[in-house]
Amino acid sequence: MANYKVHDNPVRDEWTAKIGQLKTLSKGHTFLNNFRKTHTTPLRENFDLELDWGWIECKIEEKVALLKHAELDDHQFLNNCICGADAQEVADTAVAAMDACTDKYEAEKLHINFRIDCKPPVMPTNVFMDADRLLGTKLMELRNTNYYALSLEELRIERGVKVITVQ
Amino acid sequence: MAISAATKAATDALAVNRAPTSVNAQEVHRWLQSFTWEFDKNRSKYPTKYKMANDTKEQFKLIAKEYARMESVKDERQFGSLQDVLTRVDAANKVHPKWNETMKVISNFLEVGEYNAIAATGMLWDSASAPEQKNGYLAQTLDEIRHTNQCGYVNYYFTKHGQDAAGHNDARRTRTIGPLWKGMKRVFSDGFISGDAVECSINLQLVGEACFTNPLIVAVTEWAAANGDEITPTVFLSIETDELRHMANGYQTIVSIANDEAASKYLNTDLNNAFWTQQKYFTPVLGMAFEYGSHFKVEPWVKTWNRWVYEDWGGIWIGRLGKYGVESPASLRDAKKDAYWAHHDLFLLAYALWPTGFFRLTLPTQEEMDWFEENYPGWYEHYGKILEEWKARGCEDPSSGFIPLMWFIENNHPIYIDRVSQVPFCPDLCKGASTLRVHEYNGKKHTFSDDWGERMWLTEPERYECQNMFEQYAGRELSEVIAELHGVRSDGKTLIAQPHTDKDGKMWTLDDIKALNCVFSDPVDAL
């Protein structure tokens, strides 16, 4: 239960202070990646920051983008991920894995993990957006084929939900 | 009068070989098509499962000059009427007060829809590869900009010239308090601009525009006129004159993918999901706005819905697309069940949650209650008695210390919010088709109200992460949330929303709400 204000609240203050401590791109990258894994996407590790995760993630991204601007040169800025890897190679690897994928749940994880690992400012936007389009297209194709093949009961089991109540 | 030899020579020459004074519009259109890029080698920025054909035609073939001339004439008529005649006859103050409140909802919400349609049609321009098809989408982008301004102008006009401006002006600042904005953004925003580009076209053009603009933009003008509102028909009918081209664009989207074999795997699923997404919100909200937001009635919503949604759209319009493999959505049958009772269910909840809104709701008068019972037999026994009880407890008067939300709590009727549509529902009380189902996934509980939405979430859970007000404000006191999220008038204490439109009635303030000590709690915590 989050009994505090929407905009100015102690949770955002606490994370603002943590973000202020990030002084290098390497540390900022690790911090952002850990945050996304723990607090974002349906596969997140917990929902402790359910109300504020989106705002906090934006603030971390802002800080990492500034650190990136300070540490990378123009060529790196357009062509490399912030860990130094060639952005197009990373994107091509993800797209190849998706091309080979035939299972919609595996495809879903591939896409979500690509976003956790690479969403800007980690990967240059010019490379990320096109790879994300290709991954999304394949995921939608897999999800929308034989859409009604399973009954709702079967689909709940396949998705792995715990049914609390069904009227 | 004598003319010079040179002038005569020139005049004679022109008589033989006349200089062109106009060009055939179709000729210009064909000429413009030659100024194009190699779109067949272009790729879109947006994902789509479909392949749009390179030679798709556009039915209207409008060119920019014709378009601008046509729209400027419409704007002259519309703004001329509003600023001259309608202002001089004090039209905004002749609108029935109940309908004045309804237009706070309708025009503000439609403005959001039009704004998102700008982005949606821009996306479709990018996704299509046929020059004519792009031309059709581009004209629609321009239309949607015009419509956004028009909707904004309706609220501006009511604010400047009419009665009770609060809610007409700056309604968007209240968008995070109650559930109505979130459901609206699910259909008008997410539905139009997220996911597959062609799916967005199906949501916007094939369902939103071909199916629901008749009830929304045309029917609303009848209800408006009946309730003394000459402003809304002046603007909304001008908007509607553009909608035919938008419906044609939706038709051409289907034509453009018809020869793609893969399309048959996805098209009817996308159409079914788009229809369910749009109707889940529009069916109850429009019915509630018309019937409970008016004093003078036109025809029962269920009849309007059957004629325009079920027969005209589900039968005739979709039937014409049958040759391309399009089938009437399977969810149409379930939607038909909702068209009878769902808007009455929604009014109970909307009235119970009135402090979270940005407009004034009113309990039906005896005359209106008789109309409901006559047109929806069984209405009084289920809904009428509850509304009478609320009125008897003084729900309109701040000194009563009672808002109907307390009645739901006292009688153990929990209100839930559907994760996919964001529409609230009370499974204990509803006569519509909603039923409760709650799942826990990865440590988080999710509430749903129907099979179609539940399937959409089970298939694509990351699309439906919107938090509802019970999750957002659990543990917080109601007046504190309203104050923080700008739900008060310019005096800083009187609520924008009120449970009556009585000019002599007392207005509720933050202090009145605070005295109730209503604290938000999430009903799924009790499960």
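Burial is expressed here as relative accessible area: a residue is buried under 20%, exposed over 50% and partly exposed in between, with a 1.4 Å probe and protein chains only. By this scale Arg307(B), at 31% relative accessibility, counts as partly exposed.

The model is predicted, so that local features need pLDDT of at least 70 and side-chain atom pairs count only at pLDDT 80 or more, while totals for chains, interfaces and linings use all residues. Residues are numbered from 1 along each chain as its sequence is written, chains are lettered from A and ligands numbered from 1 in the order in which they are written, and side-chain values use heavy atoms, with hydrogens and water left out.

**Salt bridges**

A salt bridge is defined as a side-chain nitrogen of Lys or Arg within 4 Å of a carboxyl oxygen of Asp or Glu. Over all chains, the whole structure contains 52 salt bridges.

| Glu14(A) | Lys18(A) | 3.5 Å |

Helices (H or I, at least four residues) and strands (E, at least two) are DSSP runs, numbered from the N terminus. Glu14(A) and Lys18(A) are four residues apart in helix H1 (residues 10-20) of chain A, and are therefore separated by about one helical turn. Glu14(A) is partly exposed, with a relative accessible area of 43%, and Lys18(A) is partly exposed at 33%. In helix H3 (residues 53-71) of chain A, Glu62(A) and Lys59(A) are three residues apart, again about one helical turn. Glu62(A) has a relative accessible area of 44% and is partly exposed; Lys59(A), at 28%, is partly exposed. An α-helix has 3.6 residues a turn, so residues three or four places apart point the same way.

A network of salt bridges links Glu108(A), Arg143(A) and Arg159(A) with Glu199(B), Glu460(B), Glu462(B) and Arg463(B).

**Helix H8 of chain A**

Arg159(A) also belongs to the buried residues of helix H8 (residues 152-159) of chain A, together with Leu152(A), Leu155(A) and Arg156(A). These residues lie on the same side of H8(A), because they cover an arc of only 105° around the axis, the arc being that of the directions from the helix axis to the C-beta atoms. Their cover includes helix H6 (104-118) and strand S1 (162-166) of chain A, as well as strand S3 (437-441) and helix H16 (451-459) of chain B, where contact means heavy atoms within 4.5 Å. Gly160(A) follows H8(A) and has a positive phi, near 85°.
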